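This report covers selected local features of one protein chain. The sequence and structure are shown below.

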Amino acid sequence: MEEQNNSSTLEEPVPNHATNNKVQRTLKTRHLSMIALGGSIGTGLFVASGSAISTAGPGGALVAYAAIGIMVYFLMTSLGEIATYIPVSGSFATYASRFVDPALGFALGWNYWLNWAITLAVDVSTGALIMQYWFPHVPGWIFSSFFLAVIFIINAISAKSFGETEYWLSIIKVVTVIVFLIVGFMTIFGLLGHPAIGLKNFTIGKAPFVNGFDGIISVFVVAGFSFQGTEMVGITAGESETPEESIPKAIKQVFWRILLFYILAIFVIAAILPYTSKYLLGSSVHDVAISPFTLVFKQIGLAAAAGVINFVILTSVISSANSGMYASTRMLWSMAKQGIAPKQFERTNKNGVPVPALLATTLVGLITFLTSIFGHQVYMFLVAASGLTGFIAWLGIAISHYRFRKAFIAQGHQVSELKYHAKWFPFGPILAMILGILVIIGQGFQIHHWNWTQIIITYMSIPIFVGCYLYYKIKHKTHVVKLEDVDLTPTKED
């Protein structure tokens, strides 16, 4: 079913490249499923999970990741309900404009675009650091430039080339985690020729909960960053062949995959490596040798563990950069269609790729990357400015879904009319809002001794978001849309 080519859902190429402003529906169900999964598996799992265990202990880390996993599931179901009804690229900025306030859509869209454009630069820079594991004497800017060029080409070809690339990069990550889980459980139960470890590391010292509630809250932040990217399935809705089928399927799978790949992986790490391990405390993407995955593989005698995991982390970083390029490009294109970005960015080529938006995103990524060479402080300033934008986007999704469902009922519709409906409404979006706010506030728990400079830098994305919101609201005198006036037209991009 996934390979069927439904010609009625695909667009014919438009000869006039200058006036074409359409995207093509070429992403298949398997693409969306892997994009949803691949977006949530990255350095947050392969590396940062170690520091999460050392901070909150095995029990605290599991509670934090489980809570954020539940939050992400509800966000995905919220996004899925709207995206199957109104599948558009740049989805949640469009939804916020239609269901809440045009000013909110404006602020969400521009912040999300800026966030991913900057993240693109961060990822290609990180990729260069990882390559220096094998090529320590080659200047990093060469690798960064190469990665940026490759990612640009992938996205410039078509949405399908992006989807295929993400699919195979995600396959690498998924296979690695599965092998890790098998090896890990065999190690725990003593099936590899060594004595069984059991669950003794769950009770040593202050385990299973270390640093109490504060520790769990601080890990909320780490877990939240780990799961960012799962909302990508909503961005891809406008280019899915059959969004009413593929989006619900991808969302249903993501809950069980999060449970499998995150909760079980952290359980295995916590069981094999005590939270007191100096390696866990120092977990960093800059030192793959102390990745929890590397340590576990080394424990069974795999001498090449560091090299293998280094390669997997490299694929994760490239995957993140590729997704960032796609998401920010489609968001800018969508905003142009709404009239909240310059009209030039609305144009697409014969393959449905918004080339002007792609070039603008690449330019911002390139400028940000160059600041890492000529001004490291400016570079870190830009990175900090985008730090909380992902969480703000999640809040926007939850609020938009709450308003959508309320407007749907207020206008006389029945939930049964929806092709896919989120269960446990309104509990789901309300819980997501509460946890989202908790995660944002939780940033402060990682700031010690009330360093006001650090606090200002950490929360910089908040005033940027508020500034965008107030600018648009004051200039256009917008108001919160009344429920009975919400536009519920179930249109598709065509």
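The model is predicted. On its surface, Trp141, Ile142, Leu363, Leu366, Ile367, Leu370, Ile373 and Phe374 form a nonpolar patch, and together these residues have about 800 Å² of accessible area. Two or more residues of the patch come from each of α6 (140–157) and α14 (355–374). The largest contribution is that of α14, with six residues.

One of the patch residues is Ile367, which is found in helix α14. Its relative accessibility is 46%. Isoleucine 367 therefore counts as partly exposed, because that class lies between the 20% limit for buried and the 50% limit for exposed.

## Loop between α7 and α8

The loop between α7 (159–188) and α8 (212–227) contains proline 208. The peptide bond that leads from alanine 207 to proline 208 is cis, and its omega is near 10°.

Asparagine 211 also lies in the loop between α7 and α8. This residue, which is not glycine, has a positive phi, near 65°.

## Loop between α16 and α17

A cis peptide bond also runs from phenylalanine 425 to proline 426, with omega near 5°. Proline 426 is placed in the loop between α16 (389–410) and α17 (427–442).

## Segment after α19

Lysine 477 is located in the segment after α19 (461–476). Phi of lysine 477 is positive, near 50°, in a residue other than glycine. Lysine 477 counts as exposed because its relative accessibility is 64%, and exposed means over 50%.

Note on methods: Residues numbered from 1 in each chain as written. Predicted model: local features only at pLDDT ≥ 70, side-chain atom pairs only at ≥ 80, totals over all residues. Heavy atoms only, no water. Patch = residues over 30% accessible without salt bridge, like charges linked within 9 Å, V, L, I, M, F, W, Y side chains within 5 Å. Areas by Shrake-Rupley, 256 points an atom, 1.4 Å probe, with all protein chains shown as cover. Salt bridge = Lys/Arg side-chain N within 4 Å of Asp/Glu carboxyl O. Helix = DSSP H or I, 4+ residues; strand = E, 2+ residues; numbered from the N terminus. Buried < 20%, exposed > 50% of the residue type's maximum accessible area, 1.4 Å probe, protein only.
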